[in-house]
Amino acid sequence: MAGRRVNVNVGVLGHIDSGKTALARALSTTASTAAFDKQPQSRERGITLDLGFSCFAVPLPAGAGAGAGQLQFTLVDCPGHASLIRTIIGGAQIIDLMMLVIDVTKGMQTQSAECLVIGQIACQKLIVVLNKIDLLTEEKRQAAIDKMTKKMQKTLENTKFRGSPIIPVAAKPGGPEAPETETPQGISELIELLKSQASIPTRDPSGPFLMAVDHCFSIKGQGTVMTGTILSGSVNLGDSVEIPALKVVKKVKSMQMFHTPVTSAMQGDRLGICVTQFDPKLLERGLVCTPESLHTIHAAIVSVKKIPYFRGALQTKAKFHITVGHETVMGRVMFFSPAPDQFDCEPLEEAFDFGKEYLYQEQYLSKDSTTAEEDKKSDQPVEKWPKQQWALLEFEKPVTCPKLCLVIGSKLDTDILANTCRLAFHGIMLQGLEDKNYTETFLPKLKVYKLKHKEGHVERVIDDYSVIGRSLFKKETNIQIFVGLKVRLSSGESGIIESGFGQSGKFKIRIPGECCSFQEGIQTRICEIPPPYLVLLILR
């Protein structure tokens with residue numbers, strides 16, 4: 001194992017013009033073919049338009065395992081512009097550690113907040129980098145840094161990154177136009193902090209090979225190169241790999257890691273694969289994998305959690321931008337939950353039980369999904385919320401993705417200048433539906449039911465324990481199928497539909513163990529509250 005190299009992917013995220021690319025450049029010793037705004041449009045506009053990759057390496061810390069070697073930090077420079085959120089989400093899914101870059105003169109901004117939300121979903125560790133401290137006057141610098149540090153600590157207080165380290169730097173003193181001779185400030189301290197925060201990741205070379213491709217280009221006389229990060233498994237020189245989006249299988253001719261030729265690579269590695277020629281424009285971003293290991297799906301069942309910063313309710317039948325891996329497509333959503341008596345059941349981590357029955361929801365259930373007015377009207381105790389909820393996602397165009405992958409729902413058509421979080425929910429894909437005709441072949445197996453509510457009236461009292469009801473059913477209704485259902489009377493009693501009564505849709509209610517407390521001639525409402533398993537299936 002001597003000379004081994006362990007790779008850790010560090011995401012560099014933040015608001016536009018916070019200095020992310022300058023920070024990646026100051027840290028890095030090796031740039032990939034896609035680093036530091038190599039696109040002409042990026043240089044022209046002075047902003048990052050795509051993911052950039054570069055790296056630096058330090059000796060493996062003591063106790064990291066047998067043999068000397070290097071700990072390589074691959075920096076994933078994500079664009080900060082609001083319109084490029086799809087790219088940011090794609091980049092965040094391959095990182096082990098996140099650096100949130102904040103302009104110390106401006107503090108948290110809209111995209112900073114969105115990046116923090118993505119970080120909470122996609123990674124476990126955070127470092128906040130207060131950049132551009134050179135813009136602060138020397139006599140007020142420390143006080144301004146201390147003030148911004150306290151603000152950031154308060155911002156992180158209610159996130160999983162509470163207590164994360166915050167460090168001041170000046171990645172490019174003097175700004176973009178300053179001469180290269182200007183020495184960055186705080187970079188050696190940041191490298192030490194990265195070393196202390198980085199956990200040696202556990203990498204698994206087994207299972208099918210899967211790589212997230214973020215750049216693709218041709219080299220004359222050699223072939224087409226796909227660069228990306230290996231999400232699972234391993235790959236060797238001479239292996240056959242599939243490009244699912246193009247439905248083609250290609251042979252691996254050569255491989256490189258940051259300009260160094262290699263014969264094999266595994267999960268977590270940043271890699272360039274050269275295969276026989278194809279048009280790189282056909283695959284700007286996507287997946288490459290072991291042949292036949294991925295499948296294209298038209299819909300999916302996902303576990304789902306609302307992102308608390310998203311304003312407003314998540315409505316069933318609404319359309320969202322659904323990001324799955326490096327793909328973002330429009331999709332329609334339908335929310336459902338366990339039956340109310342199972343709201344407290346512990347969530348199922350990676351399974352979905354098709355044998356169970358689920359309750360249809362008009363919207364995702366959360367404390368902010370009912371208004372204060374509705375709460376006032378209700379004489380019921382405070383509502384309970386299910387520990388787990390799910391959604392059926394129906395994509396407008398098919399997507400190719402691995403099982404159990406991260407899913408993010410967004411409203412990317414929201415005005416990018418609005419000071420609001422566009423990320424709505426996130427979850428894990430539990431079941432992908434490959435059949436184009438899934439509405440006929442699959443959905444009938446999904447037992448999602450809708451509670452119905454009907455009202456009728458008590459017509460007369462038979463005895464202390466029985467009444468005759470009307471106006472709940474039509475005369476042609478087969479009342480036998482409703483026998484045994486519970487009803488609630490407006491006078492407070494609960495009863496059970498015992499049988500039909502006559503031919504006009506009337507019915508007999510038995511009130512077991514209770515004496516009728518209402519008088520004949522007074523209008524008493526009956527509410528029928530059937531359990532979910534006795535109502536019609538609401539799916540197509």
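These legends describe close-up views of a predicted model.

**View 1. Helix 4, residues 110-122.** At 1.5 Å a residue, the 13 residues of this helix should span 18 Å, and the end C-alpha atoms are 19 Å apart, which agrees. Helix 4 is mostly covered, as ten of its 13 residues are buried. Among the buried residues are Thr110, Gln111, Ser112 and Glu114. Cys115, Leu116, Val117, Ile118, Gly119 and Ile121 are buried too.

**View 2. Phe161 in the loop between helix 5 and strand 7.** Phe161 has a relative accessible area of 1%, so this residue counts as buried. Its contacts, leaving aside neighbours within four places in sequence, include Leu116, Gly119 and Gln120. Phe161 is also in contact with Cys123, Gln124, Lys125, Leu126 and Leu156. Gly119 is 42 residues from Phe161 along the chain, and the C-alpha atoms of the two are separated by 9.2 Å.

**View 3. Asp17 in the loop between strand 1 (4-14) and helix 1 (20-27).** Most residues other than glycine have a negative phi. Asp17 has a positive value, near 65°. With a relative accessibility of 51%, Asp17 counts as exposed, because the cut-off for exposed is over 50%.

**View 4. Lys132 in the loop between strand 6 (126-131) and helix 5 (138-156).** Phi of Lys132 is positive, near 70°, and this residue is not a glycine. Is Lys132 buried or exposed? The relative accessible area of Lys132 is 18%, and buried means under 20%, so Lys132 is buried.

Key. Residues numbered from 1 in each chain as written. Predicted model: local features only at pLDDT ≥ 70, side-chain atom pairs only at ≥ 80, totals over all residues. Heavy atoms only, no water. Helix = DSSP H or I, 4+ residues; strand = E, 2+ residues; numbered from the N terminus. Expected span 1.5 Å × (residues − 1). Buried < 20%, exposed > 50% of the residue type's maximum accessible area, 1.4 Å probe, protein only. Contact = heavy atoms within 4.5 Å.
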